[in-house]
Protein chains: 10
Amino acid sequence: MLFHVRMNVELPHDLPEKDVADILQREKAYSQELQRTGKWRHIWRIAGQYANISIFDVADNDELHQLLCGLPLFKFMDIQVTPLLRHPSAVRADDS
Amino acid sequence: MLFHVRMNVELPHDLPEKDVADILQREKAYSQELQRTGKWRHIWRIAGQYANISIFDVADNDELHQLLCGLPLFKFMDIQVTPLLRHPSAVRADDS
Amino acid sequence: MLFHVRMNVELPHDLPEKDVADILQREKAYSQELQRTGKWRHIWRIAGQYANISIFDVADNDELHQLLCGLPLFKFMDIQVTPLLRHPSAVRADDS
Amino acid sequence: MLFHVRMNVELPHDLPEKDVADILQREKAYSQELQRTGKWRHIWRIAGQYANISIFDVADNDELHQLLCGLPLFKFMDIQVTPLLRHPSAVRADDS
Amino acid sequence: MLFHVRMNVELPHDLPEKDVADILQREKAYSQELQRTGKWRHIWRIAGQYANISIFDVADNDELHQLLCGLPLFKFMDIQVTPLLRHPSAVRADDS
Amino acid sequence: MLFHVRMNVELPHDLPEKDVADILQREKAYSQELQRTGKWRHIWRIAGQYANISIFDVADNDELHQLLCGLPLFKFMDIQVTPLLRHPSAVRADDS
Amino acid sequence: MLFHVRMNVELPHDLPEKDVADILQREKAYSQELQRTGKWRHIWRIAGQYANISIFDVADNDELHQLLCGLPLFKFMDIQVTPLLRHPSAVRADDS
Amino acid sequence: MLFHVRMNVELPHDLPEKDVADILQREKAYSQELQRTGKWRHIWRIAGQYANISIFDVADNDELHQLLCGLPLFKFMDIQVTPLLRHPSAVRADDS
Amino acid sequence: MLFHVRMNVELPHDLPEKDVADILQREKAYSQELQRTGKWRHIWRIAGQYANISIFDVADNDELHQLLCGLPLFKFMDIQVTPLLRHPSAVRADDS
Amino acid sequence: MLFHVRMNVELPHDLPEKDVADILQREKAYSQELQRTGKWRHIWRIAGQYANISIFDVADNDELHQLLCGLPLFKFMDIQVTPLLRHPSAVRADDS
């Protein structure tokens, strides 16, 4: 089941650089592991913003939430979730 | 080059049913042809709304605009475009 | 799987009364049938508005969308969908 | 009498972890006690957000306010209240 | 129980003058009757707008909704309801 | 002359409790004194929010401003003022 | 007593030209008469918009409302009123 | 050339009182000097807010900006500029 | 003097095609004539929208308004004007 | 390929003056170097705001993002990107 997720990151400007580096390293590892399992199906950077648009493919709302609130950056993010489904005009097998 | 496009459709309620059916048939054909060329890379329906979220892969802004304003539903749509790029944490070859 | 759905109804003021009555009768029958199956789990009127807040319990995003766009009032509604899940503090068995 | 309540939590990022743990423990106990009395009739987590949607069943506006401003997290919450009533199409006995 | 109600009126500009006059006459009679019963406790015009701010004193959400959707102007109004209660600093006996 | 005033309070979460208690005590005394003079004609709490809706009866805009910016909580408030007048359908002598 | 008033005009595009010309002529006469009495103290056009920003000097909220709802364009306007007073730094005698 | 300028002031609540007093004194002197030259043509306080609405009469956009960013409170202000011109219905010689 | 102007076009869907073609032809001629004089310095289409972003170089606010309200599409446009000036970091001679 | 970029700067008020001066010096050098290469084609200050509107001419979305996130002020900016293309009415050779 697919979900469109937009994540905006707002790091407090006075967070120690070392802490930031540590969080970002863990965030990257966490994201890539989920991408490899297929649950985090797509991720794109939005031009000019510290933000991404992602597509998740999960079993249900609960699994989506557990994945999102496990993000190392979760407490610094504003996240908006939009439920998706196969479009009646879609031709690609993997657009659902 | 990738773009995130959100299209909201607002058909006037008093448009004759026959006109609507004609526009929708042409819209579907137009969309599927572009999907097959790979320029309209993804399309998903938003649950509960007459709206879609799409990913376009085009040469430049100009090509994107020509494709969008050629949509049979264009005059009945509110369209928002967001330029995307490969995310530094992306692992899939086709997320750029 | 639970979804929070808010439906605002905006009937064009010049719709013939007979058409309105017909739509509303079909809407009620449609809603009550879905409530009896358990898929439309709750429905409440918002005080002072021609709007409702509902909780749907469906298999997935696709089923939710099919149920919503089958509403006789669908073309006159503004619908917002919010995916829900069991709250970690919930005590009721049926809050998930 | 039913009310729809949406609670968004925004904890300052520099609140000591121990304080946070203490508040959350008291919040959970407070919520569960009210759920057991039937006054906090439903509570659901919103997917991807530190937020919940709840239904309260109280005697009047005053009781609702006293319950909400007694929340241990109250000063860190943005709360929106919407008064509800039985929908004319409702079939469930407990949707009012 | 008190509610703050803001009503904005938007009459279609092409409604026949006679229909408008009829609706407004019925609206005034309806409002004054409710004011005399004490249920519509206050009503004020907002300067420069075809809008009013009112205070209702009703038994519950349901009664409030029945009164509001009985307004002859209801289908031409945008109504926002805010539940009120006695303020801890209030000194007037009738501010609750 | 009547004004509708909505006051939202936002206290910084790290303000010392003693300072808060002092401000609130002065705020209450200030409000009650003005209520007794009749200038602060009504005050109601909004359910679920640290906010109030008030009606002021003052000589002019200037007096209203002097009363509001004298509030001990003024620097922690977001205040919105709406000028009111007697509604043509009003029946109560004191709704103007 | 001074008020800041912003008026946005939205004429239906299918209003007969003759009707528009008639309304605009009456609007101009009405405005100029009020300007000459000093009650409509200032009026400026906003660059690029069918809108104006005005300053009214009236006895009270009631007089302001009567003047505004007497505007021939009133039913085609969106009007926002902001109450003003003398600024403590003002040096001009007529800024109050 | 005339510009409508709205200035909202948001002083950080923990700015030392002495610093605030110093800034406000310099702000007042700066404003009054510009008012006397005629470049800051009008200034009014908005009732209930730490904000003003002003009219500037300057040679061009550049001069307007230099005057505004020279304000001692500039870094604590949210400023919105609207270009004005003589209204075709204006009768006062100095409304342009 | 430079101004940033954003123009959104909203043609009523039931405007006769012949009228639309006539307006668009006159709009194009009007725009190109102003571009050749240098007053309409830049014009760009926004991807995916019936809208443009333009830079005008005019003598003052009044000239800007006369040019804009002379647009054949003016009554079908939503126009937002932002006054610009030379940026202190600009290196191009013609960025002012 | 052209992009419209609006950059709003929000420096924390307690950033040490020396740090601010250093960032601004590096920002200016960075901007001017990109302007000289032609990639940052235009930059204008918005009157009354610590903000600019710029036009970038880059190879693709990716290059735009790399240039923007390399800005020394990037972490203190709110950036909005709008993709542009040649307008069908444009007459200047360099408006595309």
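Contact means heavy atoms within 4.5 Å of each other. With that rule, 29 residues of chain A are in contact with 29 residues of chain B.

This is a predicted model: local features need pLDDT of at least 70, side-chain atom pairs count only at pLDDT 80 or more, and totals for chains, interfaces and linings use all residues. Residues are numbered from 1 along each chain as its sequence is written, chains are lettered from A and ligands numbered from 1 in the order in which they are written, and side-chain values use heavy atoms, with hydrogens and water left out.

## Chain A and chain B

How much area is buried between chain A and chain B? The value is about 2,900 Å², and carbon and sulfur atoms give 61% of it. Buried area is the accessible area (1.4 Å probe) that two parts lose on being put together, summed over both. In chain A, W44(A), R45(A) and H87(A) lose the most area to chain B. Together these residues make up 23% of what that side buries.

Several elements of chain A take part. β1 (2-9), α1 (17-37), β2 (40-46), β3 (51-57) and β4 (77-86) of chain A each supply at least two residues of the side that touches chain B. The largest share, 6 residues, comes from β2(A). Helices (H or I, at least four residues) and strands (E, at least two) are DSSP runs, numbered from the N terminus.

Polar contacts also cross this interface. The rule finds 17 residue pairs in polar contact between chain A and chain B, both residues at pLDDT 80 or more. A polar contact is a pair of N or O atoms within 3.5 Å; within protein, one must be able to donate a hydrogen and the other to accept it, and residues adjacent in sequence count only if both atoms are side-chain atoms. The count of salt bridges between chain A and chain B is 0. A salt bridge is a side-chain nitrogen of Lys or Arg within 4 Å of a carboxyl oxygen of Asp or Glu.

How are the two chains related? A rotation of 180° with 0.0 Å of shift along its axis superposes chain A on chain B, with an RMSD of 0.0 Å. The two copies are thus related as by a two-fold rotation axis. Copies are superposed by least squares on the C-alpha atoms of residues with pLDDT of at least 70 in both. Of the interface residues of chain A, 100% are also interface residues in chain B, so the copies meet through the same surface.

## Chain I and chain G

Here the contact takes 13 residues from chain I and 7 residues from chain G. Chain I and chain G bury about 670 Å² between them, with 60% of it on carbon and sulfur atoms. The interface has 0 salt bridges. It has 2 residue pairs in polar contact, both residues at pLDDT 80 or more. On the side of chain I, α2 (61-69) and β4 (77-86) each supply at least two residues. The largest share of that side, 4 residues, comes from α2(I).

Some pairs of chains do not meet. No contact joins chain B and chain H, whose closest C-alpha atoms lie 26 Å apart. Chain E and chain I also have no contact, and their closest C-alpha atoms lie 17 Å apart.

## Single residues

Buried means under 20% relative accessible area, exposed over 50%, and partly exposed in between (1.4 Å probe, protein chains only).

| Residue | Relative accessible area | Class |
|---|---|---|
| H65(H) | 6% | buried |
| F76(H) | 9% | buried |
| S54(I) | 0% | buried |
| C69(A) | 32% | partly exposed |
| C69(B) | 33% | partly exposed |

H65(H) sits in helix α2 (residues 61-69) of chain H. Leaving out residues up to four places away in sequence, H65(H) touches residues of other chains, including L85(I), R45(J) and I46(J).

F76(H) is in the loop between α2 and β4 (77-86) of chain H. F76(H) and L11(H) are 65 residues apart in sequence, yet 5.8 Å apart in space, C-alpha to C-alpha. Beyond its neighbours within four places in sequence, F76(H) is in contact with residues including P12(H), L15(H) and H13(J).

S54(I) belongs to strand β3 (residues 51-57) of chain I. Its side chain makes a polar contact with the side chain of N52(I) at 2.8 Å.
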